[in-house]
Amino acid sequence: MAKTAPHGTYLVRTPYSYCFRYRIPPDLREVVGKSEIRYSLKTGYIGKAKAMALELAGRIQRLCADLRDIIDNERGSVTIRMPKELSPEKIQELIAGWVRDTLKEEEQERARPYGKAPVTRQRIDNQHEAFDWVQTEFKESLSLSQHVEAVGHQVDEVLEKQGIVIDKDSDSYHQLCREMLKASIRVLEVEKERTYGNYSSGTDEQVVESIVPSPPKPVEVVQAPAVDQLPSISLQELIDEYQDERVKAGRWKEGTIRNYRPYMVTLAQFLGADAQASTITRPQMVDYKKLLSSLPPGFARLKQYKDISGLTLKDIKKAKHDKQIDIMTLRAYLQMAESVFSFGVRNGYMEKNPAEGLKPPKKKQAREQRQAFDDDDLQKLFHSNEYLNDKHKSPYQFWLPILGLYTGCRLEELAQLYVEDVKQVEGVWCLDINTEKDKSLKNEASDRMVPLHPVLVDVLNFPAFVEKVKAKGQERVFEELKKQSGDYGHYASRWFSTFKKKAGIDMTPNKKVFHSFRHNFTDTLFKGMVMETVIEELTGRAGKTETSRRYAKGYNIKDLYQTVSEKLDYPIGLSHLKNSKWTR
């Protein structure tokens, strides 16, 4: 059974391909002899089908307009008909008149506030805030091409006042609405300034001249380069080139590609792998965002969503899913699309990035996404049966939580350590966090030297443990951890999840994990009044400012060691670990 595609695309989905459908206007059906036109587009890719359908619809609309003119001439109609299209000059005139009237009315309101509540600072602030809100909404509507929905009623009032009647499906009406929306945004900016008594924008006429654009130049001059003038490349080819660049630059590893593959596959399925990159539009990407927002968590692993080609919101609603994907997952999918298209723009394959700015805002600040372990949690972890009775089966189970707490290192940074990465620098025992051999880091700032806390050296003898490992001929500190999905920390992460649950730690999803040790490390140093640039150097975080990024690397290892020794202190006792089989 054929399924209708999203409204406005003139598409019907058949089992084999997309079909173009256009409903004939009621006044022309008798002449045409049918109520609609159908035509097979012979493609199953939604992106390509939409582009073809919009082109056909435009042609038919122009033919309908010509047909009406022929009918009027043959009937000898004497009815006075307004032009179906407004000239650019007329559109400019209508917009200028509206801006002029609006500014005048607003000024009259400010000049004669009789009969109203007193003009107070709070009232002015509220009005300014209202202008801000409306302006934000208008900008969103402009970016989504929702100009008719935003100011259509406003345009209708202007046309009615001028005695002009035009077809609301005409190009003129849509152009008038779009220009009216642009002008409204500019007028709101002026009104915000004038609300606080700032008239630096000039007189009303000067404002009108600055807001109303000059008459459009002939189409031949302003027309964007034809699609065939841009290099021909399909979406799949663009994705492949983007991936190759990331791999060659060392930014993507095997595991990275595996993690990102669902994002790239889903994008190609929705738009069509063979769709020309230069034809992909903003409305298509808005539809993509809406579709993703309605899909269930983990949809890429579900059989019914292995291929979303031709999938519509109506199809998803029929499935009646209880949950939709998390906003951070949605951001990841849209970020991939934005990155691929940004690559296309940089390399001359596309004029604009149709996915730019579509990502929803993060639901929380980054620091709120993970919680540090509280004192009670640390007591449960390090005074658990495993630590009290030396029950850890592997050295990584004993050492990784302790190292995480006292170095602030990420799990993967610790799991991939080689024995030569534990070394003395200027007499200070350190972890050398680097990308040598098969190791990888989150970013360039992660490459660093981390001094080992006295608890690790003097109490628990971690350097001695590493020397013992080296004497056995092992290359890596935790040889028992094997790579899985591109990471050495894969199995360690799974083990820690079970360990913390057994120790009685709050299992609120994504709140307290191994990464929480990093927050303990950072928060403790912050409370000790340690400068942020020092903490950035110790934890391998990219500096927030150019100054911090440039000068943080200048800290002496002995100074960093002194900072850690003096400021990093936890209210837990670890003396019971001195006799562990992993420290003796």
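Aspartate 326 caps the N-terminal end of helix H13, with a side-chain oxygen 2.7 Å from the backbone nitrogen of methionine 328. The model is predicted. Helix H13 has 20 residues, which at 1.5 Å a residue should span 28 Å. Its end C-alpha atoms lie 28 Å apart, in agreement with that value. Just after H13, glycine 348 adopts a positive phi of about 80°.

An α-helix has 3.6 residues a turn, so residues three or four places apart point the same way. The antiparallel pairing of E5 with E6 runs over 4 bridges. Valine 425 has valine 428, in E6, as its bridge partner.

Charged pairs form a further theme. Side chains of opposite charge can pair when their charged atoms come close. A search of the whole structure gives 18 salt bridges. One of them joins the side chains of lysine 439 and aspartate 421, at 2.6 Å from N to O. Lysine 439 lies in the loop between strand E6 (428-433) and strand E7 (448-451). Aspartate 421 lies in the loop between helix H17 (411-415) and strand E5 (422-425). The pair therefore ties together parts that are 18 residues apart in sequence. Both lysine 439 and aspartate 421 are buried.

A second salt bridge joins the side chains of aspartate 374 and lysine 512, at 3.8 Å from N to O. This pair links distant parts of the chain, 138 residues apart. Aspartate 374 sits in the loop between helix H13 (327-346) and helix H14 (375-382). Lysine 512 sits in the loop between helix H20 (490-503) and helix H21 (516-527). The two partners can be set side by side by accessibility. Aspartate 374 has 37% relative accessibility, so it counts as partly exposed. Lysine 512 has a relative accessible area of 8% and is buried. Asp377 also takes part, as Asp374, Asp377 and Lys512 are linked in a network of salt bridges.

Arginine 194 belongs to helix H6 (residues 171-195) and aspartate 204 to helix H7 (residues 204-211). The two residues are 10 residues apart, and the pair links distant parts of the chain. Arginine 194 counts as buried, because its relative accessibility is 3%. Aspartate 204 counts as partly exposed, because its relative accessibility is 24%.

Threonine 195 is also placed in helix H6. Its relative accessibility is 10%, so threonine 195 counts as buried. A polar atom of the threonine 195 side chain lies 2.6 Å from the backbone oxygen of glutamate 191.

Technical notes
Residues numbered from 1 in each chain as written. Predicted model: local features only at pLDDT ≥ 70, side-chain atom pairs only at ≥ 80, totals over all residues. Heavy atoms only, no water. Salt bridge = Lys/Arg side-chain N within 4 Å of Asp/Glu carboxyl O. Buried < 20%, exposed > 50% of the residue type's maximum accessible area, 1.4 Å probe, protein only. Pairing = 2+ DSSP bridges. Expected span 1.5 Å × (residues − 1). Polar contact = N/O pair within 3.5 Å; in protein donor to acceptor, adjacent residues only side chain to side chain.
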